[in-house]
Protein chains: 2
Amino acid sequence: MKIAVVGTGFAGRTLAGGLAELGHQVTIGTRDVAETLARTKADVMGNVAYPVWAETHPHIGLAPFAEAGAGADFFVNAASGAASIAALTATGAENLAGKVLLDISNPLDFKNGFPPNLFVKDTDSLGEQIQREFPEARVVKSLNTMVGNLFVTPKAVADGDSTVFVSGDDADAKRIVTELLASFGWNDVIDLGGIATARATEMMVQVRLLTMTSIGTPMFNFKIAR
Amino acid sequence: MKIAVVGTGFAGRTLAGGLAELGHQVTIGTRDVAETLARTKADVMGNVAYPVWAETHPHIGLAPFAEAGAGADFFVNAASGAASIAALTATGAENLAGKVLLDISNPLDFKNGFPPNLFVKDTDSLGEQIQREFPEARVVKSLNTMVGNLFVTPKAVADGDSTVFVSGDDADAKRIVTELLASFGWNDVIDLGGIATARATEMMVQVRLLTMTSIGTPMFNFKIAR
């Protein structure tokens, strides 16, 4: 598949790398290519700047949002929550039409510090906002309940014995995402229902971040133990 | 200890039974003893009416809220979320003063059907509302992320390999609750921080209920896999 990953942050990059290793043709979309390539600072979690990462991933493209989106078969929204609608709009509603859009974002609002609040929750979600804004896209929310390090390497914690959730209105799109997750090694994928169930997984972000602080590492995942 | 369990529902009863088995003197508080003892119908989850349960637990008392609260050393709030403040007020702020109050409630609002919404979330929580209303009580939020069946029998799923969270401003109260949890067999207790972190665990209720629907059983628990 030709895949467009919207957003240059650590989570999107990690997924881009995993998708490229599966043999897909991956382009990362950004607002300003020159600005992205001029970055030098690591992010708050200590992840290296985009150009440093790109050196070790020369097979992954970088392009303006619309160019990354043109002709892509599959999309990943890996922009920050607050920037997601604008980044997807720049990627092009016409490009997204009919395509699977894997949305891994969370509606984080850091204006009150840590832990963040959510700018939408409970009675609506960012996943639903995206689906409403791009009604022809086939939005599937997933992977938003864990640190990016685990997306393509679930065995990095508990030998892979943990859970990933999917939410979406399009059953075939959820099947495609579930197969993709399986190809990364995910074997406990729980389908929560329609895209409205993204409310539930987006609201897990506070307990995830507080747990990270409590146990001193982001390297964990939720497991539905039964 | 002399323990008052506020509320006659399945969750409170289960905890009352477990606490009595540990040798504590347990009284369940209710608004109207005669009304409680006249119940005959099972609840929506199929749990038997209070009098049927009470027949097999003759050592556990039933009393009006204030009477249950008088002289108790330890309190459990097992009332429904919406009824919690009123039930605790009837139990008596003077009785709660200085005592540990284990709050297992969730702020569920079913007026829009299933899954329920939350009547407080993200920037506040029911745990904090209770702590503010009863500033002299030592509120510890815990056990609100699982079905009541597991409270005192964690080994009922995954051989006990799952997680319980605690939130509270009083470190000594959290220690007391953590020891109580350990006596039930909980060996992965994660301290998330102050009572404000109850926001995080209360917001997990949607994903828990959707997961119950998806996998077809309430008999599971969150595990922080690491």
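**Exercise 1.** How many residues of chain A are in contact with chain B, and how many of chain B with chain A?

*Solution.* Note that the model is predicted. Step one: count on chain A, which has 34 residues in contact. Step two: count on chain B, which also gives 34 residues. Step three: turn to area. The two chains bury about 2700 Å² between them. Carbon and sulfur atoms hold 66% of that. Asp122(A), Met203(A) and Ala225(A) supply 20% of the area that chain A buries against chain B, more than any other three residues.

**Exercise 2.** Find the salt bridges and polar contacts between the chains.

*Solution.* Start with the salt bridges: the count is 2. One of them joins the side chains of Asp122(A) and Lys121(B), at 2.6 Å from N to O. Next, take the polar contacts. The rule finds 13 residue pairs across the interface.

**Exercise 3.** Which element gives the most to the side of chain A that touches chain B?

*Solution.* First list the elements that give two or more residues: β7 (117–118), β10 (189–193), α9 (198–202), α10 (205–215) and β11 (221–225) of chain A. Then pick the top contributor: α10(A), with 6 residues. Finally, sort this side of chain A by class. It has 18 nonpolar, 9 polar and 7 charged residues.

**Exercise 4.** In which sense do β11(A) and β11(B) pair, and over how many bridges?

*Solution.* Locate strand β11 of chain B at residues 221–225. It pairs with β11(A) in the antiparallel sense, over 5 bridges. Now check one residue. Ile224(A) has Phe222(B) as its bridge partner in β11(B).

How values were computed
Residues numbered from 1 in each chain as written. Chains lettered and ligands numbered in written order. Predicted model: local features only at pLDDT ≥ 70, side-chain atom pairs only at ≥ 80, totals over all residues. Heavy atoms only, no water. Contact = heavy atoms within 4.5 Å. Buried area = accessible area lost by both parts, 1.4 Å probe. Salt bridge = Lys/Arg side-chain N within 4 Å of Asp/Glu carboxyl O. Polar contact = N/O pair within 3.5 Å; in protein donor to acceptor, adjacent residues only side chain to side chain. Helix = DSSP H or I, 4+ residues; strand = E, 2+ residues; numbered from the N terminus. Nonpolar A, V, L, I, M, F, W, Y, C, P; charged D, E, K, R; others polar. Pairing = 2+ DSSP bridges.
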